[in-house]
Structure formats: structure tokens, C-alpha cells
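Please look over the sequence and the model before reading on. The paragraphs below go through some of the features that can be found there.

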Amino acid sequence: MFDTTYDDCWLRYERVDDSKLAPYRERLSHAYVSEGAPELGAVRAELRRGLEGMLGRELHLWQHPPRSVDSFLVIGHPEEMRPIHQTIDPDEVWDLHEDGYVIRTVEWEGHECTVVTAPSDRGLVYGTFHLLRRVALGEPIDDLDVVEEPANNSRIINHWDNPFRRSVERGYAGQSIFDWERLPDVRERYYDYARLLASVGINGVVPNNVNTGIPSRPTANDAVSERAGWQLLERDNLEKLEALASVFRRYGIRIYLSVNYAAPIKLGGLETADPHDSEVRQWWQDKVDEIYEIIPDFGGFLVKADSEGQPGPYDYDRSHAEGANVLGEAFEGHDGRVWWRAFVYSEHDDRAVQAYEAFEHIDGEFHDKVTVQIKNGPIDFQQREPVSTLFGAMPETNLGCELQLTGEYTGQGVHATSHIPMWKEVLEFDTYADGEGTPVKDVLAERDGQGIAGVGIVGEDPSWTGNHLLQSNLYGFARLCWDPDLESETIIEEWARQTFGRDEEVVDTVSEILLDSWQACIDYHTGGLGLMHMMYNGEEALENHYDPGPEEWPEYIGATADGIGVDRTSEGSGYAAQYRDPITERYDDPETCPEELLLFFHHLPWEYELEDGRTVIQTLYDNCYAGVEEVRELRAKWESLEGVVDERRHRHVAERFDEHVLQARRWRDRLCEYFYEHSGVPDEKGRVPQA
Ligand code: GCV
């Protein structure tokens, strides 16, 4: 059973209205489902749960076609069941992407069958969830002809969870769900999580933080003392990892591991981790072989190297390609790979240019078993960033895109900020990598060893994500990985309908809230003209990144007595020049640079006039004020659902909206004060105090 302590998110499977039940009951009361693979066990369990919940009657599961009924559901691979291979050309199915599936209504020997078929067991899981989603959305199923394939091969969640300690870096939904002390005992929660992920097509999970050195919190009776993420490569822990893998495997999801580049020293007792050292090579090879003995479908490694204190190839004067390739080679002959992060920066006049400087010149030098994982923007998951220049600069390298589901800079677990429109903007951005019309989504979908990774959002909180509305970011991330052509509106509406029921007023209101939330977040956190990184850092072990603190980061803001913004044009730090033309040209000129990125690329006078005749400073003030009004409207919309949405969830979200409004005001007031302090230009509307 679904663990009822926790919310069941979009897999609520609410009972279909009586007036609409008949066609679903007619077609989905009997099911003939293939057996064998563990995934098929998951399929049968989900069908029971889903159909019994939605149709309100027991599902009859058959081991042969049920001759006595007019209509039934058939789920299996093409060749193994007659109602499938006598109605659907097996080649059509075998030619699909291995995660793809077909759902079709067919006539077979006088019966009407709803067929779900796929080339892999995982595809059958996805097809089953697709069918259940259709019912949950109230869509007709009487004449189905669905053929689906994912656009991206790898669709992975990167947890920044610290094993043993159970904290989550940038996690705002409580402790980590992964309990390494108790593994190999598995928790019901792992199944619940796997179901949520598989229902939207996620096929990989990295359960531990890329910062692999964070120690466990020693307690008085903790004789074992401190342990850290890099130790997951030890044999005992690999056996625990296999227990986790066995749960996720049932749902077609593979397990990966974040590893420490200095593991040959830390674990292997070698004196170096130099990628050119033969013992180092051998150590990695032996380790990878050992992992595959224990976990035959292991997905691979994720590596953060030479960044924020992590060891890496620079320690040995080697490039990132040399550094990554020694790991990549160890995966030859295994069905796994290395996800090597491009998030590399150090002391520099402009952090934005650094990843490109480290990686662009080594395009083509990476092993085929390596994927370079690039954050969507050049800074760090800010409220809005220009798209990273690297997506258009490495045509000879397997590339992955890293997005952040957790809201490190977008209001953490409190503000209901949807990231879906932001991701859509990133994926649609034209890189011109292969001439006009080469959006990021196409760059990513081009090769097998590529895909999208998202920094996870879930924790032990009963809502899973800290705020019920933020479940939509997990849902939306996965849906965009599967099909980046989907529109934000479609995804959000789909999510709202499954999560809050079929009441149109609720679906519309929740959709409006989420669709407007990103712009509001940008306005009160930045003033809407491309500024960013104005948060408070503080002395806490894990920097705060929630409250305003523009004074801490002057180099990101470029506020002087004459103007504001950072010159990142070709003549400035050179970031704009890292794009292909005509993007460089567009960003280099303040007249053609899109207003929402203007101050990211340009340092402009406070009184510089924008297209609508307002000055930069006045627009910053206005946008900060507008942001707060927008959040008030979001809250009012949510309040209007009191008594319509169940009280538990309504109260939970309403409380967060109260804090959201307060926090938006705090940001507005601090930013406007900061802008006034530097510009000395009063707000024309008299709202900003001049003291
Ligand atoms: C996992 C930012 C975050 C860090 C994070 C890092 C990264 O700096 O604040 O918490 O570390 O990005 O992506 O590696």
C-alpha cells in the first residue's frame, strides 16, 4: 500500500464521477498482463491500485485472454501475447526507443482490447502509467492510438543528500528519505518514491550529494564516528546500494553514485589520484568491475571536481577531459557512464566566463563514456539567468543539462515558485550550434549518451517537497525531460488536475498561480532587469541563500554612483562573446539585449532610458513593488479555494503564502533601499524611503 503518512501527490487515483464511469469500467475491468520481470509485478500492483481507486471495483487479472468478456486490457511485449502480435506489427514496437510504448485500441477475435505494448519492461511501466493518467485526467480511452518515445535518453534526479547524516544540501523538505543506517532494509517510502518517478518517466537516481566529503554528525554513542558520502564506494555500502537499486529497478530506474575524485587515495590507499597514473587507472577499473558484480544495472558516476573544495584533475595539472576519461574508460564494456559536472569556478573577475574557459577548448577530447553536465546558466540556478554558452560550444562532446528542482534561490520550500516556465525558456533557447534552429532541447536529444539531470527536491516532509504546490516542479521536470515540446500550461494543468481533483475552478486557479509565480519571484528578488545573486550568505554551515543581502555580492551587481549592472559584453568580461552569432551581437548591444537580461550584460547609467520611456532605476523600483503585488494576488487566489481544496492541504499552502508575502516585502524593501543608497535617485512614486 502507498505509505499513507505521506501525501500521494499526483497519484491520488480519485474515484471517477458516476456519470463518467461506464466507458472506463467497460474497457478496464479485466486485464491480461504479462508476467515474469519484476517490472511486470509493479505494473500489476499499479493497475490494481489505480483502477480500483478510480473505478471503484476490483480488477480481474487474467493469465490468458478472458474470452467471456467483450473488452479487456492487454499489457505485454509484442511477441508474447496473441492479442498483441495479431493486431500490431511487432516491428513497429521493436523499432521504438527502448523506453517507448504503444497504447492502441484494437479488435481481436470479436473482443475490443486496449493494448499497452513496448520493447522493454520499463516501457510497459511507462505505458501503464500513461493509461492511468488518461483516466485520472478524465480523457476518453475508447479509440486510443498513442505512440510515445522520450526525447532524452537519460532523465535523472541528482540528490544532494548526505548519507548517514541524512541532511540534504539545499533541501527544504526535511531529512533525506534515504536511511543508510537501516539499509539493506528497505522502506515503503522508497517504493512510493520510485512510483512517483516512474509515473513520469524518470529513469535514474543519484542518491548522494556531489559534495561527497560532508561528514555524518557524530553522536555520543556513535562509536563509528564520522562517515561521509565518498565511503559509499566501500563494499559494505555497495551492498546497501544494491538493496536500494532493487527497489528502483522494479520501476525501471537505475541507481548511480556521486564519487570523490580522490577516492583512489581515500579508499584505495594510493598516494595519488593523478589520472595518468597506471595504478589509479587500475583502481578505478577494479572498483567499477566490483560495482557491476554487485549491481548489474548500475547507471554510473556523477562527479564534482575542482569546484568548491572538491579534489579534481587540476590537482595534478591535468585537464577535465584527462580527469574524466580515466573514469570513462573504466565503464568500457559496462552499460553505464560518467556524468562530469562543468560547474567549475575559482577566484576570477567574472565567474560567468569560467566554465566555458575550462571546457570549450577540450571539446572532442572526452571519452564516449563521459557526459559533461552543464548547469542551465553560467552562475548558479539564479531566478533567471542567460542560458549557458557551453550548450552551443561543444558539438563533439556528450552533453547533459543540469536543472535545479529544489528552490535554493527561488524561495526554498516556502515560496510557491514554479520552475517549469524557466526550464521551458532554457530548453527552447536557440544556441545556433548548428545554425539557426538548434535549441538546447535538440542539442540534448541528439545523442544516446546525453540527457537532463535535476537536483532533487524531496525529503521526509509529508508533502514530499516542503510545500504541496512545489510537487509540480518534480512532475514538470520529468515531463519536460520526456517531452520538451510540452507547453508549461499543459504540464501544470495536468499536474493540478491529478493532484487537486477535477473541479475546474481549482484546476484553473492553481494553474494561474503557478504560471504567474516565476515572474513574481524574479521581480521581487531581482527587479527584473537581469540582476542576480543578491542573497544573504551568512556564516551558517550551509549558507542561507534565502534572505536579501545585496551588500555581500557587489561584484555580481555592479552598482556605482553612475549606474548598475556588469559589463559582460565582448568588450567587457567577454561572456557575450562566448555565444555564437547572432546571439553575441544581440547581447552586446543594450538596444537589442532583451530587457530581462540587460543588467547581466551591461553596466548602464541609472537614468538610462528603456523602451517604454522609464529609466533603469525607476523600472527596478517598479518591478520590485510589482513583485510584492503579484505575490499578494497569488495568495488571494489560493485563499479563494478555501473550502474547495481539502483543509489540510489548503492550510499548509496558505501558511506558506503568508510567509511568502512577508519575504517578498523584505526583498523589495532591501533591494530598493540598496538601489537608492547607490543611485541617490528617489522613486518617482515616493514609495522608497530616502533616509
Ligand atoms: C552541492 C551551489 C550551491 C551548493 C552546491 C553547488 C554545486 O554553490 O550553493 O550547495 O553544492 O552549487 O552545484 O555543486
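How many aromatic pairs does the structure hold? In this predicted model, the number of aromatic pairs is 30. One of them is formed by F72 and W108, whose ring centres are 6.5 Å apart. The planes of these two rings stand at 90°, and angles over 60 degrees count as edge-to-face, so the pair of F72 and W108 is edge-to-face. The two residues belong to separate strands: F72 is part of β3, which covers residues 71–76, and W108 is part of β4, which covers residues 101–108. The pair therefore ties together parts of the protein that are 36 residues apart in sequence.

The next subject is the ligand. Where does the ligand sit? The ligand is found in the largest pocket. Around the ligand there are 15 residues, and the closest are E169, K304, E308, K375 and E408. Sorted by class, this shell consists of 8 charged, 4 nonpolar and 3 polar residues.

In the side chain of E169, an N or O atom is 2.5 Å from a ligand oxygen. For K375, the distance between an N or O atom of the side chain and an oxygen of the ligand is 2.6 Å. For R341, the corresponding distance from a side-chain N or O atom to a ligand oxygen is 2.7 Å. How much of the ligand does the protein bury? Taken alone, the ligand exposes 340 Å², and the protein buries 96% of that area.

The remaining points concern the backbone. Most peptide bonds are trans, and most residues other than glycine have a negative phi. Which peptide bond joins D581 and P582, cis or trans? The bond between D581 and P582 is cis, with omega about 5°. P582 is located in the loop between β17 (563–564) and α18 (583–588). Another cis peptide bond runs from L183 to P184, where omega is near 10°. P184 is also placed in a loop, between β9 (167–168) and α6 (188–199).

D306, a residue other than glycine, has a positive phi, near 55°. D306 lies in the loop that runs between β12 (300–303) and α10 (320–330).

Terms used:
Residues are numbered from 1 along each chain as its sequence is written. This is a predicted model: local features need pLDDT of at least 70, side-chain atom pairs count only at pLDDT 80 or more; totals for chains, interfaces and linings use all residues. Side-chain values use heavy atoms; hydrogens and water are left out. A residue is near a molecule or strand if one of its heavy atoms lies within 4 Å of it. A polar contact is a pair of N or O atoms within 3.5 Å; within protein, one must be able to donate a hydrogen and the other to accept it, and residues adjacent in sequence count only if both atoms are side-chain atoms. Accessible areas come from the Shrake-Rupley method with a 1.4 Å probe; for residues, only the protein chains shown count as cover. On a 1 Å grid over the protein atoms alone, a cavity is a set of points where a 1.4 Å probe fits but cannot get out, and a pocket is an open set with protein on both sides within 12 Å along at least five of seven lines; lining residues have an atom within 4 Å of a point. A molecule sits in a cavity or pocket if more than half of its atoms lie within 2 Å of its grid points. Ala, Val, Leu, Ile, Met, Phe, Trp, Tyr, Cys and Pro count as nonpolar, Asp, Glu, Lys and Arg as charged, and the others, Gly among them, as polar. Rings of Phe, Tyr and Trp (its six-membered ring) pair if their centres lie within 6.5 Å; planes under 30 degrees apart count as stacked, over 60 as edge-to-face and the rest as tilted. Helices (H or I, at least four residues) and strands (E, at least two) are DSSP runs, numbered from the N terminus.
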